[in-house]
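Dear colleague,

Please read the notes with the structure open beside them.

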Amino acid sequence: MEPFGVLGVDLSPRDLRETAYEILVGACRSSGSGRRLTYVSNSNSRDRSSQQLSPLSSSSSSVQRSLSTLELDASAVKELGLKARKKNKSDADRLGGAASEVQSNLVRKRAGVTVGELVRVQMRVSEQTDSRIRRGLLRVAAGQLGRRIESMVLPLELLQHLKPSDFTTQVEYDACQKRILKILEAGLLLHPHLPLDNSQTAPQRLRQILHTASQKPIEIGKQSESMNILRNVVTSLACRSFDGSMSDTCHWADGIPLNLHLYRILLQACFDVTDESSVIDEVDEVLDQIKKTWVVLGINQVFHNLCFLWVLFNQYISTGEIEDDLVFATEKMLVEVEKDANSTNDPAYSKILCSTLGLVLDWAEKMLQRYHETFYRGNLDLMRSVLSLGISAAQILDSGKKNKELDVACSRVDTYIRSSLRSAFSQEREKVISSRKSSKNQRSPLPLLSILAQNICDLAFNEKEIYSSVLKRWHPVPTGVAVATLHACFAKELKRFVSGISELTPEAIQVLLAAEKLEKDLVEMAVADSLDSEDGGKATIQEMAPYETQAVIKNFVKSWIQTRVDRLREWVDRNLEQEEWNPQVNKGRFAPSAVEVLRIMDETLEAFFLLPIPMHPLLLPELMGGLDQCLQNYIVKAKSGCGSRTTFIPMLPPLTRCAAASKFSPFKKKDRVPTSPGRKFQNGNKHEDDFFSVPRLCLRINTLYNITKELEALEKRTKTNLRKSGFARDENVASGNFVISVSSCTEGMRQLSEASAYKIVFQELRQVLGDYLYTGETSSSRIEPFLQEVERYLEIISVTVHERVCTRVITDVMKASFEGFMLVLLAGGPHRVFALQDAPVIEEDFKLLTDLFWSNGDGLPLDLIDKLSPTVTGVISLFKTGTDELVEQLKQVVLDSNGTPGKSRMPLPPTTGQWGPNEPNTILRVLCNRNDKVASKFLKRTFDLPKKA
């Protein structure tokens, strides 16, 4: 960490330390008229002695720290709360060797020593170096008697007055000369007090001299030309002033950041070399001496406070953060710096201030963003100080909000709370996972998230008890922010958990209930902490988006329902393709696929009531509705492709008038429903393997009827399960949920029954009805063959179809037979002609047909037969009516329906299919089939109908 910036010149810490020491010694001598200042202890128990500290080598210079045993009234120590080093054991034990012997002698004699000697030891300057510096300064003073240090360029003077004989080796002398030249470069060229003027030649000359000196040492004799040139150049640069005149004060070490680096080294002398986390007892006296360098370094009280704050803070960091008093002292020093910042407009100071406080803030935030790892019940004072440091630094840096310090503090603390709680949450989570892994062979009764929920609850209470009291100074609702953060962290885990499971399990229920309890506790803590806040905790509570565990459970059940409904739907699609609808295989007279569908539905409902949830009545309609849709899909597919009435009724032939008989039938193959290749007819019946054969259609009818009955039973069992689950009052939710399927079954049975009937009459029995009945001579092609075949099919229906549905199917067969009989009479084609005398035969055949369905009282009810017979009997009555009467009747009905005048040509009555004795097209067709010249002539004249082919 370096807040002051880099020097840009190759100067080691030792080089800077020696330079700083030279400035300190020179400043002290200059201010003290050349006499060495001596500090004598005020202790009453101390023997006064004039004996000086014995010379020590550089390696044992720390022995000079004898004044640590002195008892002083140091104001700096008191004001900042700094702690002087306490002697826990003898220095002799810690130092050893020759140093130990000297130290023991000092302790025994408790001699007075100079502050300068103390500073030398603190700055790790050897006595040999100290002697050389003082000799050099004596020579400088001798040549310039009475001249103060700020009016000279000290490195230049020392460069000229230090001799090779002052050093032990030539190498040492050369190193010293290079150091002095680098200091001049740093102070005059790189970091000058005033910006350099590019128009002047002095800077370039100095660079040339320094470059030459780096290759060959400079001659420093009094008569040396190179030395004179150097002095002239350095003086011209050091004595510049803002107005361009030559100043009496030399500026060679007061440029930023060189002066700050040197001053920091001097301030570090306040810390004990043997215990760097403690200050020396003589800190006030040392600081007095250090302040004498201000005139050379360009330091004032503002910069001193900022540098001293950094030194205190950096000392705490560099010593391992073990001495909390240094933080307390930094906090107090920051108060002074804040005052300086508010009253100082120096841009250079502001830059260093921002850099310094930025580092302090970064360090503080690193600790505060994870304060649970650093602070505990026993060091809350340190936490307060670190908080104060961080917030004060942030407030100073946030100069744009000088009137909103509370907002800055609140915002920062809010960030610290959230960051630290997130970190603490992660640690708790890792602990739970690690604990579970370490005990993986031991079965835990609780899921991981249930344990974590309890731990997080404990963490929240711990936060409230320990940390919130400290944070309350800067934030109105620290506990509220903390619990809101924990709430959000657990919400992420809960969401991840929920997204990772596919169905509701006991473990999932445990987790959701634990989450619900945690949320309740956290909300209560947030509300309690926010009672005195401006909004009453409204913002905090709004931040805590509810877990909505009940909604989660509901969604899980919905997902469970959807999964099972989808499975059933897939099963229906897959197994219906394999269903053969073979009544010979299915002894139960209904399809196995339907049995399986109903079984799956029953098992699904049973499993639903086994789910450990409190919302069965709420979600039951959704489940039953989904099952209902699947079953409806089954029903629709079960009846699809089976045909309908219109599928099997043949196309009507064109109207013609009687002539020679023609073998043309309305039941010809091209007018029928296309049949699959390979179908063979035998006695009017299709092969038993026909997928849509009559027995298979009957099986489909039975299957739909069985579904309706099973749905009734399933609804009753569902109500029983509701009562067993404690929802007796909600039985009504189980009613009417299969209404779509029941309705589809009813409609499906109607369609299949009708399709079966018309298939029998118009497709299966085509050869004995459409191709045979009344062809040629009416009396020789009667209805008996058709009746025999119908009777056979009625036996199949009676055996195959459930008794509750059988009557409906037989009734549809009767309807189809009646309609087929009328089509033979009215649209039998050119090969059928009827005379008036054929009417009794036709009437008798129809009587035989109705008797078949009555079956002497064992068949259909007589009233039902009588209800459906009038249309046919009405048509037969036309066959008993004379031709002239029929013609007049036709004219009248056409006139009544169309209002056509008698003189205009009568329009051809359209075919409506609504046969009846008063229907124009029906009368017209009776005339077309009447083997009568009057009828043929009327049809030719009125409608221009062609003759039968």
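Cys250 is buried, since its relative accessible area is 6%, and Cys239 likewise counts as buried, because its relative accessibility is 7%. Please keep in mind that this is a predicted model, and that the values given here are computed from it.

A disulfide is a covalent bond between the sulfur atoms of two cysteines. When the whole structure was searched for such bonds, zero disulfides were found. Cys239 is therefore in no disulfide, although the nearest cysteine sulfur, which belongs to Cys250, is 3.5 Å away.

Helix α31, which covers residues 803-826, packs with helix α34, which covers residues 870-879, at an angle of about 20 degrees and with their axes 10 Å apart. That angle makes α31 roughly parallel to α34, because angles under 35 degrees are counted in this way. The crossing of the two helices, α31 and α34, is left-handed.

As for the residues that meet, α31 contributes Phe818, Phe821, Met822, Leu825 and Leu826, while α34 contributes Thr871, Val872, Val875, Ile876 and Phe879. The residues of this contact divide into nine nonpolar and one polar, with no charged residue.

Methods:
Residues are numbered from 1 along each chain as its sequence is written. This is a predicted model: local features need pLDDT of at least 70, side-chain atom pairs count only at pLDDT 80 or more; totals for chains, interfaces and linings use all residues. Side-chain values use heavy atoms; hydrogens and water are left out. Axes are lines fitted to C-alpha atoms, for helices over the stretch in contact, and angles run from 0 to 180 degrees between N-to-C directions. Helices (H or I, at least four residues) and strands (E, at least two) are DSSP runs, numbered from the N terminus. Angles under 35 degrees count as roughly parallel, over 145 as roughly antiparallel, 65 to 115 as roughly perpendicular and the rest as oblique. A crossing is left-handed if the near helix is turned anticlockwise from the far one by less than a right angle, and right-handed if clockwise. Contact means heavy atoms within 4.5 Å. Ala, Val, Leu, Ile, Met, Phe, Trp, Tyr, Cys and Pro count as nonpolar, Asp, Glu, Lys and Arg as charged, and the others, Gly among them, as polar. A disulfide is a pair of cysteine sulfur atoms within 2.5 Å. Buried means under 20% relative accessible area, exposed over 50%, partly exposed in between (1.4 Å probe, protein chains only).
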